[in-house]
Amino acid sequence: MSVNGYQDILQGPLRTYIELSQQIGGDVATHANLVNAAFQAQLRYIQQATSRSKPSQSEEMQLLAPTSEQISAIQQFREKNRASPFFNHLSAISESIPALGWVAVAPTPAPYVKEMNDAGQFYTNRVLKEWKEKDKRHAEWCRTWVQLLSDLQAYVKQYHTTGLVWSGKGAGAPPPPPPGGLPPPPPVLPDVDFSNLSIDDRSALFAEINQGEGITSSLRKVTSDMQTHKNPQLRQGPAPFKAAAGSRPAAPAKSLPQPGAGSFPDKPPVFNRDGKKWLIEYQKGNSNLVVENADMNNVVYMFRCRDSALTVRGKINGVVLDSCTKCSVVFDNLVASVEFVNCQSVQMQVLGKVPTISIDKTDGCQIYLSPESLDVEIVSSKSSEMNVLVPKGNGDYAEHPIPEQFKTLLNKPRNGLTTTPVENKG
């Protein structure tokens with residue numbers, strides 16, 4: 001039944017998603033072929049689970065390798081096609097395809113699938129916003145993909161509530177050892193050669209052993225001047241079982257992982273124009289990044305930059321900062337929006353007008369507005385430490401934090417929910 005349930009997903013929403021992707025064509029169709037291969041690899045893994053016991057950890061990694069390789073191929077395809085006109089489509093799939101990792105999650109795999117589905121909906125919403133008036137197939141494509149992962153979540157909840165179920169038959173891992181581990185080995189006897197002892201020596205040896213309590217009569221008595229608890233000076237010197245200072249080198253301290261943008265690969269910086277998109281990538285410590293003479297339909301995309309400042313002169317369509325840390329952007333006018341995705345400690349200042357500011361999975365974002373941008377729309381999700389600075393008449397700014405905590409109540413009558421921000425009065 002577990003296999004049949006998964007096959008229903010492949011023959012239902014997955015097939016519809018592939019057909020819509022083929023209709024859209026281009027990179028979306030190519031991406032869909034990789035997605036189909038990933039689901040087929042997972043089907044084979046589930047079929048194995050119905051015919052054998054749970055494998056050992058090392059064998060389990062080998063069995064999961066085909067699915068993991070397909071997921072990596074899906075995400076790498078997105079990274080190699082950042083200039084694609086369907087980049088939001090590719091991102092929606094790449095951000096949510098890790099949902100197939102539910103087979104290695106316990107005891108709550110179904111909520112994990114939902115979490116991955118939610119992560120991709122940031123980009124499906126952007127696809128809807130961009131294409132809903134141009135081509136309705138893209139809107140149907142988004143709904144089908146979200147439904148596909150929702151059906152996968154329901155399947156996992158029904159058949160594998162606390163983790164992937166193995167049949168318990170066939171080859172598998174050996175049973176675990178009993179609690180407490182194995183008993184310690186017997187003490188090793190001293191390497192003594194008794195062959196050279198004469199009969200008299202042996203007799204004397206056994207006679208001495210058979211003395212009973214009298215065997216301790218020849219032991220030396222410990223007097224009070226030898227007792228360490230009565231003579232503190234005897235306790236001076238290095239403590240037993242402790243290595244002397246400097247005898248063992250200290251282990252090197254591990255660097256803490258960087259939140260937000262994560263670690264930065266050592267790649268050469270990029271600053272070039274590719275059609276309508278300006279690509280600015282892997283810049284470090286560069287405060288003189290300038291985009292000028294750009295057309296109104298151009299987009300500036302800033303990716304994995306650190307400690308850098310960007311200035312955009314003139315009027316363009318939009319600006320995107322993706323996985324940047326301690327960066328700032330100053331621009332004149334935007335037709336659409338400025339977006340911050342997976343950033344940390346970033347700033348922006350608009351000198352003219354910007355209709356929309358989008359903040360997603362970002363920790364620390366300072367927004368300096370101009371008098372012409374006071375009607376801006378700010379959309380935030382999964383972000384923290386966001387502040388909007390509104391200009392005063394004297395040249396100073398008034399700072400307003402964007403809420404991060406919310407309270408939700410059931411309506412009366414029970415026909416919906418009402419959510420309001422929680423103010424920090426401390």
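Student: What should I know about the model before we start?
Tutor: The model is predicted, so local features need pLDDT of at least 70, side-chain atom pairs count only at pLDDT 80 or more, and totals for chains, interfaces and linings use all residues. Residues are numbered from 1 along each chain as its sequence is written, and side-chain values use heavy atoms, with hydrogens and water left out.

Student: How many helices and strands does the chain have?
Tutor: There are 7 helices and 14 strands. Helices are DSSP runs of H or I with at least four residues, strands are runs of E with at least two, and both are numbered from the N terminus.

Student: Why are α1 and α6 called roughly antiparallel?
Tutor: Helix α1 covers residues 2-24 and helix α6 residues 136-159, and they pack at an angle of about 170° with their axes 9 Å apart. The axes are lines fitted to C-alpha atoms, for helices over the stretch in contact, and angles run from 0 to 180 degrees between N-to-C directions. Angles under 35 degrees count as roughly parallel, over 145 as roughly antiparallel, 65 to 115 as roughly perpendicular, and the rest as oblique. The pair α1 and α6 is therefore roughly antiparallel.

Student: Which residues make the contact between α1 and α6?
Tutor: Contact means heavy atoms within 4.5 Å. Among the residues involved are Tyr-6, Ile-9, Leu-14 and Tyr-17 of α1, and Trp-141, Trp-145, Leu-148 and Tyr-155 of α6. By class, this contact of α1 with α6 has 13 nonpolar, 7 polar and 3 charged residues. Here Ala, Val, Leu, Ile, Met, Phe, Trp, Tyr, Cys and Pro count as nonpolar, Asp, Glu, Lys and Arg as charged, and the others, Gly among them, as polar.

Student: What makes α2 and α6 roughly parallel?
Tutor: Their axes come within 14 Å and cross at roughly 10°. That angle makes α2 roughly parallel to α6. Val-28, Val-35, Phe-39 and Ile-46 of α2 meet Trp-141, Trp-145, Leu-148 and Tyr-155 of α6. The contact of α2 with α6 divides into 8 nonpolar, no polar and no charged residues.

Student: How do you know whether α4 and α5 are roughly parallel or roughly antiparallel?
Tutor: Helices α4 and α5 pack at about 170°, with axes 7 Å apart. On that basis α4 and α5 are roughly antiparallel to each other. The residues that meet include His-89, Ala-92 and Glu-95 in α4, and Met-116, Tyr-123 and Trp-131 in α5. In this contact of α4 with α5 there are 6 nonpolar, 7 polar and 3 charged residues.

Student: Is Arg-52 called buried or exposed, and why?
Tutor: Arg-52 sits in the loop between α2 (26-49) and α3 (57-80). Buried means under 20% relative accessible area, exposed over 50%, and partly exposed in between, with a 1.4 Å probe and protein chains only. Arg-52 has 12%, so it is buried. Across the chain, buried residues make up 36% of the 426 residues.

Student: What makes the link between Arg-52 and Glu-59 a polar contact?
Tutor: Their side chains are joined at 3.0 Å. A polar contact is a pair of N or O atoms within 3.5 Å; within protein, one must be able to donate a hydrogen and the other to accept it, and residues adjacent in sequence count only if both atoms are side-chain atoms.

Student: Where is Ser-84, and why is Ser-84 called buried?
Tutor: Ser-84 lies in the loop between α3 and α4. Its relative accessible area is 9%, so Ser-84 is buried. A polar contact of 2.7 Å joins the side chains of Ser-84 and Asp-27. Apart from neighbours within four places in sequence, Ser-84 is in contact with Asp-27 and Leu-90.

Student: Why is Glu-385 called exposed?
Tutor: Its relative accessible area is 52%, so Glu-385 is exposed. Glu-385 belongs to strand β11 (residues 384-391). Although not a glycine, Glu-385 has a positive phi of about 55°.

Student: What is the peptide bond between Ala-106 and Pro-107?
Tutor: The bond is cis, with omega about 5°. Pro-107 is in the loop between α4 (87-96) and α5 (109-131).
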